[in-house]
Amino acid sequence: MHSWPDPAVPAVPGAGPALRLFDTAGAAVRPVAPGPTATMYVCGITPYDATHLGHAATYLTFDMVNRVLRDQGHDVHYVQNITDVDDPLFERAERDGVDWRDLGSEQIQLFRDDMTALRVLPPRDYIGAMESVGEVVEMVGKLLASGAAYVVDDPEFPDVYFRIDATEQFGYESGYDRETMLRFFAERGGDPDRAGKRDRLDAVLWRAERPGEPAWDAPFGRGRPGWHIECSAIALNRLGIEFDIQGGGNDLIFPHHEFSAAHGEALTGSRRFARHYVHTGMVGLDGEKMSKSRGNLVFVSRLRAQGVDPAAIRLALLADHYRGDRMWTDAVLTIGAERLARWRRAVTGGKGPDATPVIERIRVHLADDLDTPKALDAVDGWCRDVEQGIGGDTAAPEALATAVDALLGVSLA
């Protein structure tokens, strides 16, 4: 699967402090300590619909992580999947009377276009579920051989399940109690009441072939990958065990990230799949949760079609801290557009205060668990000084514009 174009990232003199991020598993902000190459896996879309603002907020967050790590001198090996074989895709295709493959291809291209418009740095490896079936088959086979997985006693649909007791540390990533796990498992694609399972929380690794569904050959029977094993296999085969960051929205904490981690840990014997588990908050609309069922999703592509500058969308989403749930309103977008216009006016003014202290503050704030609100405030302060005629440094506007481009992903040209 090909990714999208890589926008140019200008170099900014100097460097900021080491990045610190909140780790869900430890419930604390901790230093990220990668080697020369930082490794990051972020869960991608299921391409049954266009990119909504919840998606955009998530991928902008990890774009910021990518930019900060690059600014600190690291190469970044970023991997993202696409769940292009899954029930929501089949259901939407059936509803619309189209082939699920065509629907997936259309929505993946729309996602690429949205990410390009938002100036999100692309993953080095962009991998579809269909591309990784062979990797999943191999991994499921090894988990069965080790006893970490079993085939459910059902002659019609002999699905393969993962045992939650296959690792001693199961549950460390989310920290949830069993009651909470069961609730989220039922709400988020699990099947706690499936007959024949050894534990209600055991998760499907391989779904045996059903009528009308795509299926692939495997030693344990034709079928298709489960959701969690897909990400586990893709990440392990490209980044190895204990990579630096696994990321996604906070609705993936359980069951998806808990199980993808457990699958990798059971296979390798490691105590920890990723060193950091990083999760973003949810985006609502006008006081309500944004969801497909409510029909209140706001799509990036539709905003772009209405003539909204993608940079204004980016600034609007960066105005709140990535870990907090936030609401999207027309006012939020208006503030983002006004901020963009003010910044662009300021850097075309010909002179301003020395930009070096402002760039230093931007770096400090971003390194502190991606405090984008304070980083934006720092730029606002410089722009206010320009508006008041403070400072006569003719090199400052270009220096600041370069830093805003590189560190915040916003072009002021």
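The following conversation concerns a predicted model of one chain.

Reader: How many helices and strands does the chain have?
Author: The model is a predicted one. Its chain contains 13 helices and 14 strands.

Reader: And what is the radius of gyration of the chain?
Author: The radius of gyration is 22 Å, close to the 22 Å that the globule rule gives for 413 residues, so the chain is as compact as a globular protein of that length. Along its principal axes, the C-alpha trace spans about 80 × 45 × 35 Å.

Reader: What share of the residues is buried?
Author: Buried residues make up 57% of the 413 residues. The accessible surface comes to about 16,700 Å², and carbon and sulfur atoms account for 49% of that area.

Reader: What part of the contacts joins residues 24 or more positions apart?
Author: Among contacts with a separation of 6 or more, such pairs account for 78%.

Reader: Turning to charge, how far apart are the mean positions of the positive and negative charges?
Author: They are 2 Å apart, for 44 positive and 63 negative charges.

Reader: Where is Ala129 found?
Author: Ala129 is in the loop between strand E5 (125-128) and helix H4 (133-146).

Reader: Is Ala129 buried or exposed there?
Author: Ala129 has a relative accessible area of 4%, so it counts as buried, the cut-off being under 20%. Leaving aside neighbours within four places in sequence, Ala129 is in contact with Ile82, Thr83, Asp84, Val85 and Glu230.

Reader: How far is Ala129 from Gln388?
Author: Their C-alpha atoms are separated by 55 Å, and the two residues are 259 residues apart along the chain.

Reader: On backbone geometry, which peptide bond is cis?
Author: The bond from Phe254 to Pro255 is cis, with omega near 10°. Pro255 is found in helix H7, residues 253-268. Most peptide bonds are trans.

Reader: What is phi of Asp369?
Author: Phi of Asp369 is near 55°, a positive value in a residue other than glycine. Leu370, also not a glycine, has a positive phi of about 50°. Most residues other than glycine have a negative phi.

Reader: Where are Asp369 and Leu370 found?
Author: Asp369 is in the loop between helix H11 (356-367) and helix H12 (372-387), and Leu370 is in the loop between H11 and H12. Asp369 is buried, with a relative accessible area of 3%. Leu370 is buried, with a value of 2%.

Conventions. Residues are numbered from 1 along each chain as its sequence is written. This is a predicted model: local features need pLDDT of at least 70, side-chain atom pairs count only at pLDDT 80 or more; totals for chains, interfaces and linings use all residues. Side-chain values use heavy atoms; hydrogens and water are left out. Helices (H or I, at least four residues) and strands (E, at least two) are DSSP runs, numbered from the N terminus. The radius of gyration is taken over C-alpha atoms; the globule rule is 2.2 Å times the number of residues to the power 0.38. Buried means under 20% relative accessible area, exposed over 50%, partly exposed in between (1.4 Å probe, protein chains only). Contact means heavy atoms within 4.5 Å. Accessible areas come from the Shrake-Rupley method with a 1.4 Å probe; for residues, only the protein chains shown count as cover. Lys and Arg count as positive and Asp and Glu as negative; His and the chain ends are not counted. The place of a charge is taken as NZ of Lys, CZ of Arg, CG of Asp or CD of Glu.
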